[in-house]
Amino acid sequence: MANFPLIERVERFLKSLKWSYNYDAEDEVFYTGCALNESFRSCNIVIDVQDDMILCYAFLPIEVPQDRRGDVTVFLMRANWGMRAGTFEMDLNDGEVRFRTYVVCPEGEALPPDEVLSCMLSVPPGMIETYGEALKQVIDGKMDPIDAVRYAERDLDSDEEDEGNPHAHA
């Protein structure tokens, strides 16, 4: 059952950003994408409006080969450790990799403000940019997954030491 106020809220937000998107009314899903600065250059974004939440997925434009999925799984699980605003996922059947975040929107409560929707939409591509180059190195077999996470988090570590929280990344 559709949550029409929530669908309308997401659509108004995307229009306010002047983002191009497509909406699939049958599945209640918005399709869009964004350019990235790092190794993957772009990602597809799916915004899935549920009855009581909005899920946002950023899909990497790759499929991890079967023989690399073990190392990529280790990389993704280590990258996920301590994340507060989302998580990497991989479909072990086909090697699809995505980053997921969400906003809970209980029926009868206020619709999420722009700041919340902006965070939901910007965190997935941001995490792909943060971890993308290291992930690509693991996929290509050029870097150990443990070293790759350390490499990806090198800038995060110095910021977190300043704040005194070793697991405070998004």
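Author: Accessible areas here come from the Shrake-Rupley method with a 1.4 Å probe, and for residues only the protein chains shown count as cover. On that basis the protein exposes about 9,400 Å², of which carbon and sulfur atoms supply 48%. This is a predicted model, in which local features need pLDDT of at least 70 and side-chain atom pairs count only at pLDDT 80 or more, while totals for chains, interfaces and linings use all residues. Residues are numbered from 1 along each chain as its sequence is written, and side-chain values use heavy atoms, with hydrogens and water left out.

Reader: How many helices and strands are there in the protein, and in what order do the elements run from the N terminus?

Author: Helices (H or I, at least four residues) and strands (E, at least two) are DSSP runs numbered from the N terminus, and the protein has 5 helices and 6 strands. Their order from the N terminus is α-β-β-β-β-α-β-β-α-α-α.

Reader: How do you know whether the radius of gyration of the protein agrees with that of a compact globule?

Author: The radius is taken over C-alpha atoms, and the globule rule is 2.2 Å times the number of residues to the power 0.38. For 170 residues a compact globule would come out near 15 Å, and the protein, with 17 Å, agrees with this. The C-alpha trace spans about 45 × 40 × 25 Å along its principal axes, and 42% of the 170 residues count as buried.

Reader: Why is Arg68 called buried while Asp71 is called partly exposed?

Author: Buried means under 20% relative accessible area, exposed over 50%, and partly exposed in between (1.4 Å probe, protein chains only). Arg68 has 16% and therefore counts as buried, whereas Asp71, at 30%, is partly exposed.

Reader: What makes the pairing of Asp71 and Arg68 a salt bridge?

Author: A salt bridge is a side-chain nitrogen of Lys or Arg within 4 Å of a carboxyl oxygen of Asp or Glu. The side chains of Asp71 and Arg68 meet at 3.0 Å, N to O, and form such a bridge. Side chains of opposite charge can pair when their charged atoms come close. Arg68 itself is placed in the loop between strand E4 (53-63) and helix H2 (69-80). With contact meaning heavy atoms within 4.5 Å, and with its neighbours within four places in sequence left aside, Arg68 is in contact with Val138, Ile139 and Gly141.

Reader: Why is Ile128 called buried, and which residues is Ile128 in contact with?

Author: The relative accessible area of Ile128 is 3%, so this residue counts as buried. Ile128 belongs to helix H3 (residues 114-139), and, its neighbours within four places in sequence aside, Ile128 is in contact with Leu36, Phe40, Cys43, Ala58, Leu60 and Phe88. Ile128 and Cys43 are 85 residues apart in sequence, yet 8.5 Å apart in space, C-alpha to C-alpha. For the protein as a whole, among contacts between residues at least 6 apart in sequence, 56% join residues at least 24 apart.

Reader: Lys18 and Glu28 both have a positive phi without being glycines; where do they lie, and are they buried or exposed?

Author: Lys18, with a phi of about 60°, lies in the loop between helix H1 (4-17) and strand E1 (22-24), and its relative accessible area of 74% makes Lys18 exposed. Glu28, with a phi of about 55°, is in the loop between E1 and strand E2 (29-35), and its relative accessible area of 16% makes Glu28 buried.

Reader: Why is Asp91 called partly exposed?

Author: Its relative accessible area is 30%, and Asp91 is therefore partly exposed. Asp91 is found in the loop between E5 and E6, and its C-alpha is 9.3 Å from that of Val64, although 27 residues separate Asp91 and Val64 in sequence.
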